Amino acid sequence: MEKTVVLRNILENRRSTFPKSYKSGNIDAEILKEILASAEFTPSHKRTRPWRFTIFENEEKKQLGAHLAALYKSTTPPQLFLEKKYLDISDKIEKAAAIITISVNFSNLVPEWEEIAATAMAVQNMYLTASAHDIGCYWSTPKMAAQLTDFLSLKDSQRCLGLFYLGLIEENSKQ
Ligand SMILES: Cc1cc2nc3c(=O)[nH]c(=O)nc-3n(C[C@H](O)[C@H](O)[C@H](O)COP(=O)(O)O)c2cc1C
């Protein structure tokens, strides 16, 4: 098939798939590696390569879910706290086969927005690669992401921009 046709097909078929549509099961390690590696083809001004990704699976993923739920509880005023939302946080993480935390490293060599833009492009590469492999994924930006600094051992010049959920797609949720 012509390159442009293949590309257009991948672009048109990329979509966000949410944890409710994931089935249990792990993502093949080679595919996961390929998804992460696809981020490396992203352009960045002065080649600062500002994206920082950390992958969470199994027990570490569980710890991330528990940590996010605890953050929600400790930072939400009691009158706004919703028990269902609190329980949903770890449930959603549990349903995902893997979570990649999305962070940006500000180099001070170019404006911050350029490094955020480059990081978003890297996420798009992962979105496209995951979609091409029929792996469900989506970028989630909960408020708590900004509070993951200590958990992720981020430096002052780094910021977490969200979570990239990945999971095998339930057959009847495929489009
Ligand atoms: C920067 C960014 C942040 C996002 N944050 C969230 C989010 O917090 N919650 C959510 O449900 N979807 C989030 N999404 C996913 C979009 O809402 C999703 O792309 C949209 O529903 C369109 O669907 P599509 O990706 O299948 O085209 C985010 C997407 C981007 C690019």
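# Briefing: fold, helix packing and selected residues

Leu 161 lies in strand β5, which covers residues 158-169. The model is a predicted one. The protein chain contains five helices and five strands, and 28% of its 175 residues count as buried. Leu 161 is buried, whereas Lys 46 and Asp 134 are exposed.

**Leu 161**

- Leu 161 has 20 other C-beta atoms within 10 Å, so it counts as buried, the cut-off being 20 or more.
- Not counting residues up to four places away in sequence, Leu 161 touches Ile 102, Ser 103, Val 104, Ile 116, Thr 119 and Ala 145.
- Ile 116, one of these residues, is 45 residues from Leu 161 along the chain, and the C-alpha atoms of the two are separated by 8.6 Å.

**Chain overall**

- Read from the N terminus, the order of elements in the protein chain is α-β-α-β-α-α-β-α-β-β.
- The radius of gyration of the protein chain is 17 Å, which agrees with the value near 16 Å that a compact globule of 175 residues would have.
- Along the principal axes, the C-alpha atoms of the protein chain fill a box of roughly 55 × 45 × 25 Å.
- Among contacts in the protein chain with a separation of 6 or more, 80% are between residues 24 or more positions apart.

**Packing of α2 and α5**

- Helix α2 (residues 29-38) packs with helix α5 (residues 112-132) at an angle of about 150°, and their axes are 7 Å apart.
- That angle makes α2 roughly antiparallel to α5, because angles over 145 degrees count as roughly antiparallel.
- The crossing of these two helices, α2 and α5, is right-handed.
- On the α2 side the contact is made by Glu 34, Ile 35 and Ser 38, and on the α5 side by Asn 125, Met 126, Thr 129 and Ala 130.
- By class, the residues of the contact of α2 with α5 are three nonpolar, three polar and one charged.

**Packing of α3 and α4**

- Helix α3 (residues 58-75) and helix α4 (residues 83-95) pack with their axes 9 Å apart, at an angle of about 160°.
- α3 and α4 are therefore roughly antiparallel to each other.
- The crossing in which α3 passes α4 is right-handed.
- From α3, the contact involves Lys 61, Leu 64, Gly 65, Ala 66, Leu 68, Ala 69, Tyr 72 and Lys 73.
- From α4, the contact involves Lys 85, Tyr 86, Ile 89, Ser 90, Ile 93 and Glu 94.
- The residues of the contact of α3 with α4 comprise eight nonpolar, two polar and four charged.

**Loop residues with positive phi**

- Lys 46 is not a glycine, although its phi is positive, at about 60°.
- The loop that holds Lys 46 runs between α2 and β2 (51-56).
- Lys 46 has 11 other C-beta atoms within 10 Å and is exposed, because the cut-off for exposed is 12 or fewer.
- Asp 134, also not a glycine, has a positive phi of about 65°.
- Asp 134 is placed in the loop between α5 and β4 (135-140).
- Asp 134 counts as exposed, with 12 C-beta neighbours inside 10 Å.

Technical notes: Residues numbered from 1 in each chain as written. Predicted model: local features only at pLDDT ≥ 70, side-chain atom pairs only at ≥ 80, totals over all residues. Axes fitted to C-alpha atoms, helices over the stretch in contact; angles between N-to-C directions. Helix = DSSP H or I, 4+ residues; strand = E, 2+ residues; numbered from the N terminus. Parallel < 35°, antiparallel > 145°, perpendicular 65-115°, else oblique. Left-handed = near helix turned anticlockwise from the far one by under 90°. Contact = placed C-beta atoms within 7 Å. Nonpolar A, V, L, I, M, F, W, Y, C, P; charged D, E, K, R; others polar. Rg over C-alpha atoms; globule rule 2.2 N^0.38 Å.
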